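Here's a quick look at one chain and the partner it sits against. Have the viewer open while you read.

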Amino acid sequence: MSTNPWVWIQAFLTLALFSIIFVDNGFYKFAEHAYVGLYAGYTVVVTWFSYIRPSSQWIFRDHKYHYIIPIIIGLLIYTRYIKGWAWVSRYNMAFMVGVGAGFVLARDFKSLLLDQVRATFKPLFVSGSLLTTINNIVLVVGVVSVMWYFLFTVEKKGTAGTISSIGRVVMMVAFGSAFGNTVMARVSLFLGRLQFLLGDWLKLIQ
Amino acid sequence: MKKELPIALGLVAGLIWIITTYFTGPRWVETVHQELSKWYQLAGAYMVMVGVVNLTRVHGHRITQKKKDWMYSIVALVCMFGIMIFGIFIAKDSNNPGWKTFYSQIIAPMNATVYSTLVFYIASAAYRAFRIRNSQATILLVSALIMMLGRVPLGAMISPVIPQLADWILNVPNVAGMRGIQIGAAFGGIATALRVLVGIERGYMGGTE
(Lines give C-alpha, C1' and ligand atoms only; values in the text may rest on other atoms or scores of the structure.)
Protein backbone atom coordinates (compact mmCIF):
# COMPACT_ATOMS: atom_id res chain seq x y z
CA MET A 1 0.00 0.00 0.00
CA SER A 2 1.09 3.55 -0.70
CA THR A 3 2.33 5.75 2.15
CA ASN A 4 1.78 8.99 0.23
CA PRO A 5 -1.04 10.97 1.95
CA TRP A 6 -2.09 12.54 -1.41
CA VAL A 7 -2.66 9.04 -2.81
CA TRP A 8 -4.83 8.17 0.19
CA ILE A 9 -6.91 11.35 -0.22
CA GLN A 10 -7.34 10.55 -3.93
CA ALA A 11 -8.28 6.94 -3.15
CA PHE A 12 -10.87 8.04 -0.59
CA LEU A 13 -12.43 10.58 -2.98
CA THR A 14 -12.37 8.08 -5.88
CA LEU A 15 -14.08 5.34 -3.85
CA ALA A 16 -16.56 7.84 -2.39
CA LEU A 17 -17.53 9.05 -5.88
CA PHE A 18 -17.79 5.49 -7.22
CA SER A 19 -20.00 4.44 -4.29
CA ILE A 20 -23.01 6.12 -6.00
CA ILE A 21 -23.06 3.15 -8.39
CA PHE A 22 -24.42 0.99 -5.52
CA VAL A 23 -26.47 3.41 -3.43
CA ASP A 24 -26.72 7.11 -2.58
CA ASN A 25 -24.75 7.53 0.64
CA GLY A 26 -23.03 10.05 2.91
CA PHE A 27 -19.54 9.45 1.50
CA TYR A 28 -20.77 10.19 -2.01
CA LYS A 29 -22.58 13.34 -0.88
CA PHE A 30 -19.43 14.52 0.90
CA ALA A 31 -17.26 13.94 -2.19
CA GLU A 32 -19.89 15.43 -4.52
CA HIS A 33 -20.21 18.65 -2.49
CA ALA A 34 -16.44 18.87 -2.06
CA TYR A 35 -16.04 18.50 -5.84
CA VAL A 36 -18.57 21.23 -6.58
CA GLY A 37 -16.98 23.60 -4.05
CA LEU A 38 -13.40 22.87 -5.11
CA TYR A 39 -14.15 23.24 -8.81
CA ALA A 40 -16.05 26.51 -8.30
CA GLY A 41 -13.16 27.89 -6.25
CA TYR A 42 -10.62 26.59 -8.76
CA THR A 43 -12.44 28.35 -11.63
CA VAL A 44 -12.42 31.65 -9.72
CA VAL A 45 -8.69 31.37 -8.97
CA VAL A 46 -7.83 30.48 -12.59
CA THR A 47 -9.84 33.53 -13.75
CA TRP A 48 -8.04 35.64 -11.15
CA PHE A 49 -4.64 34.49 -12.42
CA SER A 50 -5.55 34.81 -16.11
CA TYR A 51 -7.59 38.03 -16.31
CA ILE A 52 -8.48 39.84 -13.10
CA ARG A 53 -4.98 40.33 -11.69
CA PRO A 54 -3.38 41.08 -15.11
CA SER A 55 -6.13 43.65 -15.81
CA SER A 56 -4.92 45.84 -12.95
CA GLN A 57 -1.42 45.72 -14.45
CA TRP A 58 -2.74 46.65 -17.90
CA ILE A 59 -4.50 49.68 -16.43
CA PHE A 60 -2.04 51.00 -13.83
CA ARG A 61 1.31 49.82 -15.18
CA ASP A 62 0.70 49.99 -18.96
CA HIS A 63 -1.71 52.98 -18.65
CA LYS A 64 -4.34 51.31 -20.87
CA TYR A 65 -7.22 53.05 -19.15
CA HIS A 66 -9.83 51.94 -21.70
CA TYR A 67 -9.86 48.51 -19.99
CA ILE A 68 -11.83 50.15 -17.18
CA ILE A 69 -14.90 50.09 -19.48
CA PRO A 70 -15.16 46.28 -19.87
CA ILE A 71 -14.44 45.91 -16.16
CA ILE A 72 -17.38 48.21 -15.37
CA ILE A 73 -19.54 46.31 -17.90
CA GLY A 74 -18.54 43.03 -16.20
CA LEU A 75 -19.24 44.36 -12.72
CA LEU A 76 -22.69 45.63 -13.75
CA ILE A 77 -23.96 42.03 -13.56
CA TYR A 78 -23.89 42.30 -9.74
CA THR A 79 -26.57 45.02 -9.77
CA ARG A 80 -29.09 42.21 -10.20
CA TYR A 81 -28.64 41.53 -6.49
CA ILE A 82 -29.69 45.13 -5.63
CA LYS A 83 -33.44 45.66 -5.50
CA GLY A 84 -34.56 48.41 -7.88
CA TRP A 85 -31.25 48.37 -9.77
CA ALA A 86 -31.50 44.91 -11.35
CA TRP A 87 -32.24 46.41 -14.79
CA VAL A 88 -28.71 47.90 -14.95
CA SER A 89 -27.33 44.35 -15.34
CA ARG A 90 -28.99 44.34 -18.80
CA TYR A 91 -26.06 46.41 -20.10
CA ASN A 92 -23.75 43.58 -19.17
CA MET A 93 -25.97 40.90 -20.71
CA ALA A 94 -26.60 42.99 -23.84
CA PHE A 95 -22.85 43.47 -24.38
CA MET A 96 -22.05 39.79 -23.88
CA VAL A 97 -24.98 38.56 -25.99
CA GLY A 98 -24.33 41.22 -28.67
CA VAL A 99 -20.68 40.21 -29.13
CA GLY A 100 -21.75 36.56 -28.97
CA ALA A 101 -24.33 37.15 -31.72
CA GLY A 102 -21.67 38.95 -33.76
CA PHE A 103 -19.38 35.96 -33.27
CA VAL A 104 -22.07 33.56 -34.52
CA LEU A 105 -22.80 35.72 -37.57
CA ALA A 106 -19.16 36.30 -38.42
CA ARG A 107 -17.26 33.14 -37.51
CA ASP A 108 -19.85 30.36 -37.16
CA PHE A 109 -21.49 31.45 -40.40
CA LYS A 110 -18.31 30.46 -42.21
CA SER A 111 -17.14 27.43 -40.23
CA LEU A 112 -20.50 25.82 -39.41
CA LEU A 113 -22.40 26.70 -42.58
CA LEU A 114 -20.37 27.76 -45.62
CA ASP A 115 -17.42 25.41 -45.05
CA GLN A 116 -19.74 22.49 -44.29
CA VAL A 117 -21.85 23.08 -47.41
CA ARG A 118 -18.72 23.49 -49.53
CA ALA A 119 -17.28 20.23 -48.16
CA THR A 120 -20.49 18.40 -49.15
CA PHE A 121 -20.20 19.32 -52.84
CA LYS A 122 -18.52 16.09 -53.86
CA PRO A 123 -18.46 14.43 -57.29
CA LEU A 124 -21.05 11.63 -57.32
CA PHE A 125 -19.03 9.60 -59.79
CA VAL A 126 -15.29 9.21 -59.44
CA SER A 127 -13.73 7.38 -62.34
CA GLY A 128 -11.66 4.37 -61.29
CA SER A 129 -12.62 4.42 -57.63
CA LEU A 130 -15.85 2.63 -56.74
CA LEU A 131 -15.32 3.12 -52.99
CA THR A 132 -14.88 6.90 -53.29
CA THR A 133 -17.98 7.04 -55.50
CA ILE A 134 -20.02 5.11 -52.90
CA ASN A 135 -18.62 7.23 -50.04
CA ASN A 136 -19.46 10.47 -51.84
CA ILE A 137 -23.01 9.30 -52.63
CA VAL A 138 -23.56 8.21 -49.00
CA LEU A 139 -22.20 11.55 -47.77
CA VAL A 140 -24.27 13.75 -50.06
CA VAL A 141 -27.47 11.71 -49.69
CA GLY A 142 -26.89 11.53 -45.91
CA VAL A 143 -26.43 15.29 -45.44
CA VAL A 144 -29.41 16.19 -47.66
CA SER A 145 -31.73 13.61 -46.07
CA VAL A 146 -30.79 14.66 -42.51
CA MET A 147 -31.48 18.30 -43.37
CA TRP A 148 -34.74 17.22 -45.00
CA TYR A 149 -35.72 15.41 -41.79
CA PHE A 150 -35.55 18.73 -39.92
CA LEU A 151 -37.68 20.55 -42.49
CA PHE A 152 -40.99 20.76 -40.65
CA THR A 153 -42.91 22.90 -43.12
CA VAL A 154 -43.41 19.94 -45.50
CA GLU A 155 -45.71 17.03 -44.75
CA LYS A 156 -43.55 13.89 -44.68
CA LYS A 157 -45.58 11.57 -46.92
CA GLY A 158 -44.59 9.46 -49.95
CA THR A 159 -41.17 10.41 -51.34
CA ALA A 160 -40.79 13.15 -48.73
CA GLY A 161 -41.39 10.55 -46.00
CA THR A 162 -38.88 8.13 -47.56
CA ILE A 163 -36.16 10.80 -47.68
CA SER A 164 -36.97 11.67 -44.07
CA SER A 165 -36.66 7.99 -43.07
CA ILE A 166 -33.24 7.78 -44.75
CA GLY A 167 -32.26 10.86 -42.73
CA ARG A 168 -33.31 9.13 -39.51
CA VAL A 169 -31.26 6.03 -40.36
CA VAL A 170 -28.18 8.15 -41.14
CA MET A 171 -28.63 9.99 -37.84
CA MET A 172 -28.97 6.71 -35.94
CA VAL A 173 -25.67 5.49 -37.42
CA ALA A 174 -24.06 8.83 -36.49
CA PHE A 175 -25.49 8.72 -32.95
CA GLY A 176 -24.34 5.10 -32.57
CA SER A 177 -20.86 6.14 -33.65
CA ALA A 178 -20.84 9.06 -31.19
CA PHE A 179 -22.21 6.77 -28.47
CA GLY A 180 -19.54 4.12 -29.10
CA ASN A 181 -16.76 6.70 -29.02
CA THR A 182 -18.13 8.22 -25.79
CA VAL A 183 -18.32 4.78 -24.15
CA MET A 184 -14.71 4.05 -25.13
CA ALA A 185 -13.53 7.41 -23.74
CA ARG A 186 -15.37 6.82 -20.44
CA VAL A 187 -14.10 3.22 -20.19
CA SER A 188 -10.60 4.54 -20.72
CA LEU A 189 -11.06 7.00 -17.83
CA PHE A 190 -12.55 4.23 -15.67
CA LEU A 191 -9.59 1.94 -16.38
CA GLY A 192 -7.29 4.80 -15.44
CA ARG A 193 -8.98 5.11 -12.05
CA LEU A 194 -8.85 1.32 -11.55
CA GLN A 195 -5.14 1.38 -12.40
CA PHE A 196 -4.68 4.10 -9.80
CA LEU A 197 -6.57 2.16 -7.11
CA LEU A 198 -4.94 -1.20 -7.81
CA GLY A 199 -1.50 0.18 -8.72
CA ASP A 200 -0.64 3.50 -7.10
CA TRP A 201 -2.72 2.92 -3.98
CA LEU A 202 -2.84 -0.83 -3.24
CA LYS A 203 0.33 -1.72 -5.20
CA LEU A 204 -1.34 -4.92 -6.43
CA ILE A 205 -0.37 -4.31 -10.06
CA GLN A 206 2.71 -2.71 -11.63
CA MET B 1 -34.90 53.48 -22.01
CA LYS B 2 -34.23 50.62 -19.63
CA LYS B 3 -34.36 48.23 -22.58
CA GLU B 4 -33.58 50.31 -25.66
CA LEU B 5 -30.12 51.49 -24.56
CA PRO B 6 -28.87 47.98 -23.64
CA ILE B 7 -30.18 46.70 -27.00
CA ALA B 8 -28.32 49.54 -28.74
CA LEU B 9 -25.13 48.62 -26.86
CA GLY B 10 -25.50 44.98 -27.93
CA LEU B 11 -26.18 45.99 -31.55
CA VAL B 12 -23.14 48.29 -31.70
CA ALA B 13 -20.85 45.68 -30.08
CA GLY B 14 -22.15 42.94 -32.40
CA LEU B 15 -21.83 45.09 -35.53
CA ILE B 16 -18.28 46.14 -34.65
CA TRP B 17 -17.37 42.48 -34.22
CA ILE B 18 -18.93 41.51 -37.59
CA ILE B 19 -17.45 44.47 -39.50
CA THR B 20 -13.95 43.95 -38.08
CA THR B 21 -14.14 40.24 -38.89
CA TYR B 22 -15.19 40.63 -42.54
CA PHE B 23 -13.35 43.84 -43.45
CA THR B 24 -9.68 43.28 -42.78
CA GLY B 25 -6.71 45.13 -44.14
CA PRO B 26 -6.05 48.38 -42.26
CA ARG B 27 -4.05 47.81 -39.10
CA TRP B 28 -6.53 49.73 -36.93
CA VAL B 29 -9.38 47.38 -37.94
CA GLU B 30 -7.38 44.42 -36.64
CA THR B 31 -6.56 46.35 -33.45
CA VAL B 32 -10.24 47.16 -32.84
CA HIS B 33 -11.13 43.48 -33.34
CA GLN B 34 -8.44 42.31 -30.91
CA GLU B 35 -9.40 44.92 -28.32
CA LEU B 36 -13.10 44.04 -28.53
CA SER B 37 -12.16 40.38 -28.08
CA LYS B 38 -10.16 41.35 -24.97
CA TRP B 39 -13.04 43.47 -23.67
CA TYR B 40 -15.37 40.49 -24.07
CA GLN B 41 -13.01 38.19 -22.16
CA LEU B 42 -12.43 40.79 -19.45
CA ALA B 43 -16.13 41.53 -18.94
CA GLY B 44 -16.78 37.76 -18.78
CA ALA B 45 -13.96 37.28 -16.27
CA TYR B 46 -15.41 39.86 -13.89
CA MET B 47 -18.73 37.96 -14.02
CA VAL B 48 -17.15 34.83 -12.54
CA MET B 49 -18.19 35.72 -8.99
CA VAL B 50 -21.87 35.33 -9.97
CA GLY B 51 -21.38 31.59 -9.57
CA VAL B 52 -19.80 32.07 -6.15
CA VAL B 53 -22.61 34.40 -5.03
CA ASN B 54 -25.31 31.98 -6.23
CA LEU B 55 -23.61 28.94 -4.69
CA THR B 56 -23.21 30.82 -1.39
CA ARG B 57 -26.86 31.92 -1.44
CA VAL B 58 -28.18 28.41 -2.19
CA HIS B 59 -25.98 26.58 0.32
CA GLY B 60 -26.18 29.39 2.88
CA HIS B 61 -29.98 29.12 2.75
CA ARG B 62 -29.78 25.35 3.21
CA ILE B 63 -27.49 25.78 6.23
CA THR B 64 -29.50 28.52 7.95
CA GLN B 65 -32.80 26.68 7.36
CA LYS B 66 -31.22 23.38 8.49
CA LYS B 67 -32.61 21.66 5.40
CA LYS B 68 -31.96 17.99 4.58
CA ASP B 69 -28.21 17.23 4.24
CA TRP B 70 -27.33 20.80 5.24
CA MET B 71 -23.98 19.70 6.68
CA TYR B 72 -22.77 18.82 3.19
CA SER B 73 -23.46 22.41 2.18
CA ILE B 74 -20.84 23.43 4.77
CA VAL B 75 -18.37 21.11 2.99
CA ALA B 76 -19.14 22.79 -0.37
CA LEU B 77 -18.70 26.33 1.02
CA VAL B 78 -15.58 25.51 3.04
CA CYS B 79 -13.98 23.86 -0.02
CA MET B 80 -14.92 26.75 -2.32
CA PHE B 81 -13.75 29.60 -0.09
CA GLY B 82 -10.79 27.57 1.20
CA ILE B 83 -9.40 27.01 -2.27
CA MET B 84 -10.05 30.64 -3.27
CA ILE B 85 -8.10 31.88 -0.23
CA PHE B 86 -5.34 29.36 -0.88
CA GLY B 87 -5.04 30.24 -4.56
CA ILE B 88 -5.32 34.03 -4.36
CA PHE B 89 -3.53 34.79 -1.07
CA ILE B 90 -1.17 31.85 -0.45
CA ALA B 91 -0.22 30.32 -3.82
CA LYS B 92 -0.52 33.71 -5.60
CA ASP B 93 0.62 32.25 -8.93
CA SER B 94 -0.45 29.45 -11.27
CA ASN B 95 3.13 28.14 -11.25
CA ASN B 96 3.19 27.77 -7.48
CA PRO B 97 4.12 24.12 -6.63
CA GLY B 98 1.33 23.88 -4.02
CA TRP B 99 -1.25 25.06 -6.54
CA LYS B 100 0.06 22.63 -9.17
CA THR B 101 -0.04 19.78 -6.63
CA PHE B 102 -3.62 20.68 -5.71
CA TYR B 103 -4.61 20.50 -9.38
CA SER B 104 -2.78 17.28 -10.21
CA GLN B 105 -3.66 15.45 -6.97
CA ILE B 106 -7.23 16.58 -6.36
CA ILE B 107 -8.96 18.36 -9.26
CA ALA B 108 -7.68 16.21 -12.17
CA PRO B 109 -8.34 12.81 -10.47
CA MET B 110 -11.79 13.94 -9.27
CA ASN B 111 -12.64 15.11 -12.80
CA ALA B 112 -11.56 11.74 -14.22
CA THR B 113 -13.56 9.87 -11.57
CA VAL B 114 -16.75 11.88 -12.09
CA TYR B 115 -16.57 11.42 -15.87
CA SER B 116 -15.67 7.72 -15.59
CA THR B 117 -18.75 7.17 -13.40
CA LEU B 118 -20.78 8.01 -16.50
CA VAL B 119 -19.75 4.68 -18.03
CA PHE B 120 -22.29 2.96 -15.78
CA TYR B 121 -25.07 5.34 -16.76
CA ILE B 122 -24.16 4.86 -20.43
CA ALA B 123 -24.33 1.06 -19.99
CA SER B 124 -27.77 1.47 -18.43
CA ALA B 125 -28.84 3.75 -21.32
CA ALA B 126 -27.61 1.16 -23.84
CA TYR B 127 -29.65 -1.54 -22.08
CA ARG B 128 -32.79 0.63 -22.23
CA ALA B 129 -32.18 1.40 -25.93
CA PHE B 130 -31.77 -2.31 -26.63
CA ARG B 131 -35.10 -3.07 -24.98
CA ILE B 132 -36.94 -0.80 -27.43
CA ARG B 133 -36.32 -3.42 -30.15
CA ASN B 134 -37.12 -1.44 -33.26
CA SER B 135 -35.04 -1.19 -36.41
CA GLN B 136 -33.62 2.28 -35.65
CA ALA B 137 -32.55 1.39 -32.11
CA THR B 138 -30.89 -1.72 -33.56
CA ILE B 139 -29.03 0.38 -36.15
CA LEU B 140 -27.81 2.68 -33.37
CA LEU B 141 -26.59 -0.21 -31.25
CA VAL B 142 -24.95 -2.10 -34.14
CA SER B 143 -23.14 1.10 -35.13
CA ALA B 144 -22.03 1.66 -31.52
CA LEU B 145 -20.92 -1.97 -31.16
CA ILE B 146 -18.84 -1.86 -34.37
CA MET B 147 -17.32 1.44 -33.23
CA MET B 148 -16.38 0.01 -29.81
CA LEU B 149 -15.02 -3.27 -31.18
CA GLY B 150 -13.09 -1.42 -33.86
CA ARG B 151 -11.21 0.56 -31.23
CA VAL B 152 -9.91 -2.44 -29.22
CA PRO B 153 -7.65 -5.37 -30.20
CA LEU B 154 -10.57 -7.80 -29.69
CA GLY B 155 -12.31 -6.34 -32.76
CA ALA B 156 -9.34 -7.06 -35.03
CA MET B 157 -9.04 -10.55 -33.49
CA ILE B 158 -12.69 -11.32 -34.39
CA SER B 159 -12.27 -10.00 -37.94
CA PRO B 160 -9.81 -7.57 -39.54
CA VAL B 161 -12.82 -6.00 -41.29
CA ILE B 162 -14.24 -4.60 -38.02
CA PRO B 163 -11.63 -1.81 -37.49
CA GLN B 164 -11.96 -0.85 -41.17
CA LEU B 165 -15.75 -0.78 -40.85
CA ALA B 166 -15.45 1.37 -37.71
CA ASP B 167 -13.26 3.83 -39.59
CA TRP B 168 -15.70 3.91 -42.49
CA ILE B 169 -18.68 4.57 -40.17
CA LEU B 170 -16.72 7.34 -38.46
CA ASN B 171 -15.61 9.01 -41.69
CA VAL B 172 -18.67 8.66 -43.92
CA PRO B 173 -22.17 8.11 -42.37
CA ASN B 174 -21.13 9.78 -39.09
CA VAL B 175 -19.83 12.84 -40.95
CA ALA B 176 -23.02 12.94 -43.08
CA GLY B 177 -25.32 12.76 -40.03
CA MET B 178 -23.38 15.24 -37.91
CA ARG B 179 -22.91 17.65 -40.81
CA GLY B 180 -26.64 17.67 -41.59
CA ILE B 181 -27.39 18.45 -37.93
CA GLN B 182 -24.62 21.06 -37.80
CA ILE B 183 -25.89 22.90 -40.88
CA GLY B 184 -29.41 22.93 -39.40
CA ALA B 185 -28.08 24.18 -36.08
CA ALA B 186 -26.05 26.87 -37.89
CA PHE B 187 -29.24 28.15 -39.58
CA GLY B 188 -30.94 28.25 -36.17
CA GLY B 189 -27.97 30.03 -34.58
CA ILE B 190 -27.77 32.62 -37.35
CA ALA B 191 -31.51 33.33 -37.16
CA THR B 192 -31.33 33.69 -33.37
CA ALA B 193 -28.24 35.93 -33.58
CA LEU B 194 -30.01 38.22 -36.07
CA ARG B 195 -33.10 38.38 -33.82
CA VAL B 196 -30.87 39.25 -30.84
CA LEU B 197 -28.96 41.96 -32.70
CA VAL B 198 -32.04 43.77 -33.97
CA GLY B 199 -33.76 43.48 -30.60
CA ILE B 200 -36.59 41.08 -31.48
CA GLU B 201 -35.24 38.42 -29.13
CA ARG B 202 -35.10 39.98 -25.64
CA GLY B 203 -35.41 36.91 -23.41
CA TYR B 204 -31.87 37.34 -22.10
CA MET B 205 -32.88 40.63 -20.46
CA GLY B 206 -35.01 38.89 -17.89
CA GLY B 207 -38.03 40.46 -16.20
CA THR B 208 -40.37 43.23 -17.31
CA GLU B 209 -39.02 45.89 -14.95
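## Chain B on its own

This is a predicted model. Chain B has a radius of gyration of 25 Å, whereas a compact globule of 209 residues would come out near 17 Å. Its C-alpha trace spans about 65 × 55 × 40 Å along the principal axes.

As for what it's built from, chain B has nine helices and zero strands. Of the 209 residues in chain B, 38% are buried. Among contacts in chain B with a separation of 6 or more, 25% join residues 24 or more positions apart.

## Where it meets chain A

Now for the interface. On the chain B side 112 residues take part in the contact, and chain A puts in 104 residues. The two chains bury about 10300 Å² between them, with carbon and sulfur atoms giving 78% of that. On the chain B side, the residues that lose the most area to chain A are Trp39(B), Tyr46(B) and Met110(B), together 8% of what that side buries.

## Polar links and who supplies them

Between chain B and chain A there are two salt bridges. One of them pairs Asp69(B) with Lys29(A), where the closest N and O atoms are 3.0 Å apart.

Helix 5 of chain B gives the most to the side that touches chain A, with 23 residues. Sorted by class, that side of chain B holds 72 nonpolar, 27 polar and 13 charged residues.

Conventions. Residues numbered from 1 in each chain as written. Chains lettered and ligands numbered in written order. Predicted model: local features only at pLDDT ≥ 70, side-chain atom pairs only at ≥ 80, totals over all residues. Heavy atoms only, no water. Contact = heavy atoms within 4.5 Å. Buried area = accessible area lost by both parts, 1.4 Å probe. Salt bridge = Lys/Arg side-chain N within 4 Å of Asp/Glu carboxyl O. Helix = DSSP H or I, 4+ residues; strand = E, 2+ residues; numbered from the N terminus. Nonpolar A, V, L, I, M, F, W, Y, C, P; charged D, E, K, R; others polar. Rg over C-alpha atoms; globule rule 2.2 N^0.38 Å. Buried < 20%, exposed > 50% of the residue type's maximum accessible area, 1.4 Å probe, protein only.
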